[in-house]
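Welcome, and thanks for taking a look.

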Amino acid sequence: MSALTAVAGLLLGFFGLPTLVNSPTARQPTVVTVTVTPPPTATTTTPAPATATSDPGTDSGADSGTDDSGTDSPETVPAPPPMPTGTVALKDLTPLGAYGSDGIGLSTATLGGKAHPNAIVLKYPCQGPIEYGLNQRYKSLSLTVGLDDNGLATPGALSIITDGKQRKSVMLEINRPQTVTVDLTGVVRLGIQPDISEGGFCNPDGVVIALAGATLRS
(Lines give C-alpha, C1' and ligand atoms only; values in the text may rest on other atoms or scores of the structure.)
Protein backbone atom coordinates (compact mmCIF):
# COMPACT_ATOMS: atom_id res chain seq x y z
CA MET A 1 0.00 0.00 0.00
CA SER A 2 2.72 2.40 0.79
CA ALA A 3 4.42 1.47 -2.44
CA LEU A 4 1.31 2.36 -4.43
CA THR A 5 0.97 5.61 -2.63
CA ALA A 6 4.53 6.47 -3.43
CA VAL A 7 4.04 5.73 -7.11
CA ALA A 8 0.83 7.77 -7.27
CA GLY A 9 2.54 10.66 -5.59
CA LEU A 10 5.33 10.52 -8.06
CA LEU A 11 2.94 10.54 -11.01
CA LEU A 12 0.93 13.42 -9.66
CA GLY A 13 4.05 15.39 -9.02
CA PHE A 14 5.26 14.87 -12.55
CA PHE A 15 2.03 15.61 -14.49
CA GLY A 16 -0.41 17.70 -12.53
CA LEU A 17 0.86 19.36 -9.43
CA PRO A 18 2.09 22.99 -9.82
CA THR A 19 5.61 23.69 -8.95
CA LEU A 20 5.78 26.04 -6.06
CA VAL A 21 9.41 26.76 -6.47
CA ASN A 22 10.09 30.37 -7.55
CA SER A 23 12.38 29.53 -10.40
CA PRO A 24 14.13 32.39 -12.26
CA THR A 25 13.17 30.72 -15.51
CA ALA A 26 9.51 30.56 -14.65
CA ARG A 27 7.22 32.55 -17.10
CA GLN A 28 6.32 35.93 -15.71
CA PRO A 29 2.68 37.06 -15.97
CA THR A 30 1.88 39.38 -18.89
CA VAL A 31 0.90 42.86 -17.81
CA VAL A 32 -1.80 44.43 -20.00
CA THR A 33 -1.91 48.22 -20.00
CA VAL A 34 -5.38 49.55 -20.57
CA THR A 35 -5.63 53.17 -21.78
CA VAL A 36 -8.85 54.74 -20.76
CA THR A 37 -9.96 57.52 -23.14
CA PRO A 38 -12.09 60.12 -21.40
CA PRO A 39 -15.47 60.84 -22.97
CA PRO A 40 -15.53 63.86 -25.33
CA THR A 41 -16.26 67.14 -23.68
CA ALA A 42 -19.66 68.51 -24.70
CA THR A 43 -19.36 71.73 -26.75
CA THR A 44 -21.68 74.47 -25.66
CA THR A 45 -23.17 76.37 -28.61
CA THR A 46 -23.95 79.99 -27.89
CA PRO A 47 -27.16 81.04 -29.68
CA ALA A 48 -26.81 83.95 -32.10
CA PRO A 49 -28.35 87.20 -30.88
CA ALA A 50 -31.85 87.73 -32.09
CA THR A 51 -32.18 90.19 -34.96
CA ALA A 52 -34.34 93.15 -34.01
CA THR A 53 -37.36 93.49 -36.24
CA SER A 54 -38.88 96.85 -36.96
CA ASP A 55 -42.30 97.70 -35.80
CA PRO A 56 -44.66 97.67 -38.80
CA GLY A 57 -45.91 101.04 -37.63
CA THR A 58 -42.41 102.54 -37.51
CA ASP A 59 -40.84 104.21 -40.52
CA SER A 60 -38.15 101.91 -41.85
CA GLY A 61 -36.11 104.81 -43.13
CA ALA A 62 -37.34 104.83 -46.73
CA ASP A 63 -38.39 108.45 -46.26
CA SER A 64 -35.60 109.44 -43.93
CA GLY A 65 -33.82 111.50 -46.56
CA THR A 66 -30.76 109.23 -46.71
CA ASP A 67 -29.52 107.14 -49.58
CA ASP A 68 -28.05 103.64 -49.45
CA SER A 69 -24.64 105.00 -48.44
CA GLY A 70 -26.07 106.49 -45.26
CA THR A 71 -25.47 110.09 -46.29
CA ASP A 72 -28.13 112.71 -46.60
CA SER A 73 -29.63 112.94 -50.06
CA PRO A 74 -29.43 116.47 -51.48
CA GLU A 75 -32.77 118.14 -51.88
CA THR A 76 -33.81 118.36 -55.50
CA VAL A 77 -34.07 121.95 -56.61
CA PRO A 78 -35.59 122.65 -60.01
CA ALA A 79 -33.24 124.43 -62.36
CA PRO A 80 -34.19 128.03 -63.20
CA PRO A 81 -35.43 128.65 -66.74
CA PRO A 82 -32.68 129.53 -69.19
CA MET A 83 -32.07 133.19 -69.86
CA PRO A 84 -33.48 134.31 -73.20
CA THR A 85 -31.07 135.27 -75.92
CA GLY A 86 -31.57 137.59 -78.85
CA THR A 87 -34.96 139.30 -79.17
CA VAL A 88 -38.49 138.50 -77.99
CA ALA A 89 -41.63 140.23 -79.27
CA LEU A 90 -43.59 141.88 -76.47
CA LYS A 91 -46.80 140.58 -78.06
CA ASP A 92 -45.63 137.02 -77.33
CA LEU A 93 -45.66 137.66 -73.56
CA THR A 94 -48.90 137.21 -71.62
CA PRO A 95 -49.87 140.34 -69.67
CA LEU A 96 -50.31 140.03 -65.91
CA GLY A 97 -53.93 140.17 -64.81
CA ALA A 98 -57.02 139.84 -66.98
CA TYR A 99 -57.52 141.96 -70.06
CA GLY A 100 -60.43 141.36 -72.42
CA SER A 101 -60.16 141.50 -76.18
CA ASP A 102 -62.12 144.76 -76.04
CA GLY A 103 -59.27 146.41 -74.11
CA ILE A 104 -56.13 145.01 -75.76
CA GLY A 105 -55.49 143.07 -78.92
CA LEU A 106 -53.35 142.54 -82.00
CA SER A 107 -54.17 144.09 -85.34
CA THR A 108 -52.68 146.05 -88.19
CA ALA A 109 -52.25 149.72 -87.22
CA THR A 110 -51.45 152.68 -89.45
CA LEU A 111 -49.03 155.19 -87.94
CA GLY A 112 -48.03 158.21 -90.00
CA GLY A 113 -49.26 156.53 -93.16
CA LYS A 114 -47.27 153.31 -92.56
CA ALA A 115 -48.98 150.00 -91.85
CA HIS A 116 -47.68 147.91 -88.93
CA PRO A 117 -49.04 144.33 -88.83
CA ASN A 118 -49.48 142.57 -85.49
CA ALA A 119 -49.27 145.80 -83.51
CA ILE A 120 -50.41 145.83 -79.87
CA VAL A 121 -53.56 147.93 -79.89
CA LEU A 122 -54.97 149.55 -76.75
CA LYS A 123 -58.65 150.03 -77.44
CA TYR A 124 -59.57 151.42 -74.05
CA PRO A 125 -56.84 153.91 -73.05
CA CYS A 126 -58.53 154.90 -69.79
CA GLN A 127 -57.74 151.55 -68.20
CA GLY A 128 -54.96 150.97 -65.71
CA PRO A 129 -51.44 150.03 -66.76
CA ILE A 130 -50.85 146.84 -68.71
CA GLU A 131 -48.11 144.93 -66.90
CA TYR A 132 -45.67 142.20 -67.89
CA GLY A 133 -43.44 140.06 -65.68
CA LEU A 134 -39.85 140.36 -66.92
CA ASN A 135 -38.02 139.03 -63.84
CA GLN A 136 -34.73 140.73 -64.75
CA ARG A 137 -34.43 138.73 -67.97
CA TYR A 138 -34.21 141.60 -70.45
CA LYS A 139 -32.01 144.62 -70.99
CA SER A 140 -34.07 146.92 -73.22
CA LEU A 141 -37.40 147.55 -74.94
CA SER A 142 -37.80 149.34 -78.22
CA LEU A 143 -41.11 150.22 -79.90
CA THR A 144 -42.89 152.69 -82.14
CA VAL A 145 -45.91 154.26 -80.46
CA GLY A 146 -48.62 156.63 -81.64
CA LEU A 147 -52.30 157.16 -82.43
CA ASP A 148 -53.75 155.07 -85.21
CA ASP A 149 -54.37 157.24 -88.28
CA ASN A 150 -57.87 155.76 -88.57
CA GLY A 151 -58.86 156.64 -84.99
CA LEU A 152 -59.92 159.83 -83.29
CA ALA A 153 -57.15 162.43 -83.08
CA THR A 154 -57.34 163.01 -79.36
CA PRO A 155 -53.83 163.78 -77.98
CA GLY A 156 -52.51 162.16 -74.88
CA ALA A 157 -49.45 160.45 -73.43
CA LEU A 158 -48.12 156.98 -72.81
CA SER A 159 -45.93 156.21 -69.81
CA ILE A 160 -43.53 153.29 -69.59
CA ILE A 161 -43.21 152.19 -65.95
CA THR A 162 -40.56 149.87 -64.51
CA ASP A 163 -41.03 148.39 -61.02
CA GLY A 164 -43.56 151.06 -60.10
CA LYS A 165 -41.52 154.05 -61.32
CA GLN A 166 -42.11 156.03 -64.50
CA ARG A 167 -39.15 155.52 -66.80
CA LYS A 168 -40.32 157.36 -69.93
CA SER A 169 -43.31 159.39 -71.11
CA VAL A 170 -44.17 159.68 -74.82
CA MET A 171 -46.58 162.21 -76.34
CA LEU A 172 -49.36 160.75 -78.43
CA GLU A 173 -50.37 162.75 -81.49
CA ILE A 174 -52.09 161.82 -84.69
CA ASN A 175 -49.74 161.26 -87.64
CA ARG A 176 -46.65 161.65 -85.40
CA PRO A 177 -45.47 158.23 -84.22
CA GLN A 178 -42.37 158.03 -82.06
CA THR A 179 -39.78 155.28 -81.78
CA VAL A 180 -38.27 154.93 -78.32
CA THR A 181 -35.90 152.61 -76.45
CA VAL A 182 -36.07 152.00 -72.70
CA ASP A 183 -33.40 150.45 -70.49
CA LEU A 184 -34.77 147.40 -68.65
CA THR A 185 -31.64 146.18 -66.87
CA GLY A 186 -32.66 144.58 -63.56
CA VAL A 187 -36.37 145.27 -64.14
CA VAL A 188 -38.82 142.78 -62.65
CA ARG A 189 -42.12 144.28 -63.82
CA LEU A 190 -42.87 146.38 -66.86
CA GLY A 191 -45.96 148.58 -67.08
CA ILE A 192 -47.46 150.51 -70.00
CA GLN A 193 -49.90 153.26 -68.96
CA PRO A 194 -51.94 155.20 -71.54
CA ASP A 195 -53.44 158.53 -70.58
CA ILE A 196 -56.06 160.21 -72.76
CA SER A 197 -57.43 162.98 -70.60
CA GLU A 198 -59.05 166.32 -71.23
CA GLY A 199 -59.36 168.45 -68.14
CA GLY A 200 -59.29 165.42 -65.87
CA PHE A 201 -61.93 163.62 -67.91
CA CYS A 202 -61.00 160.56 -69.97
CA ASN A 203 -62.88 160.21 -73.23
CA PRO A 204 -61.51 157.15 -75.06
CA ASP A 205 -64.27 156.88 -77.63
CA GLY A 206 -62.71 156.34 -81.03
CA VAL A 207 -59.12 156.67 -79.79
CA VAL A 208 -56.79 153.81 -80.77
CA ILE A 209 -53.24 153.68 -79.36
CA ALA A 210 -50.84 151.35 -81.17
CA LEU A 211 -47.51 149.88 -80.08
CA ALA A 212 -45.76 148.70 -83.20
CA GLY A 213 -42.66 146.50 -83.33
CA ALA A 214 -42.39 146.29 -79.53
CA THR A 215 -39.27 144.17 -78.99
CA LEU A 216 -37.46 143.00 -75.86
CA ARG A 217 -33.71 142.45 -76.08
CA SER A 218 -31.65 140.37 -73.66
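## The nonpolar core

A nonpolar core here is a set of buried Ala, Val, Leu, Ile, Met, Phe, Trp, Tyr and Cys residues joined through side-chain atoms within 4.5 Å. Buried means under 20% relative accessible area, exposed over 50%, and partly exposed in between, with a 1.4 Å probe and protein chains only. By that definition, the largest nonpolar core has 30 residues, and those with the most contacts inside it are L90, Y132, L134, L158, I209 and L216. At least two residues of this core come from each of β3 (114-122), β4, β5 (140-147), β6, β7, β8 (178-183), β9 and β12. Another core, of 5 residues, lies apart from it and includes A109, L111, A119 and A210.

## Ground rules

This is a predicted model, in which local features need pLDDT of at least 70 and side-chain atom pairs count only at pLDDT 80 or more, while totals for chains, interfaces and linings use all residues. Residues are numbered from 1 along each chain as its sequence is written, and side-chain values use heavy atoms, with hydrogens and water left out.

## The four-stranded sheet

Strands are DSSP runs (E, at least two residues), numbered from the N terminus, and two of them pair if DSSP finds at least two bridges between them.

I160 stands opposite I192 in β9.

## L158 and L211

Contact means heavy atoms within 4.5 Å. Leaving aside neighbours within four places in sequence, L158 touches L122, V145, K168, S169, V170, L172, I192, Q193, P194, I209 and L211.

L211 belongs to strand β12 (residues 209-217), and it counts as buried because its relative accessibility is 2%.

## T215

T215 also lies in strand β12. Is T215 buried or exposed? T215 counts as buried, because its relative accessibility is 18%. The side chain of T215 reaches the backbone oxygen of G213 at 3.0 Å. Beyond neighbours within four places in sequence, T215 is in contact with T87, V88, S140, L141 and S142.

How values were computed:
A polar contact is a pair of N or O atoms within 3.5 Å; within protein, one must be able to donate a hydrogen and the other to accept it, and residues adjacent in sequence count only if both atoms are side-chain atoms.
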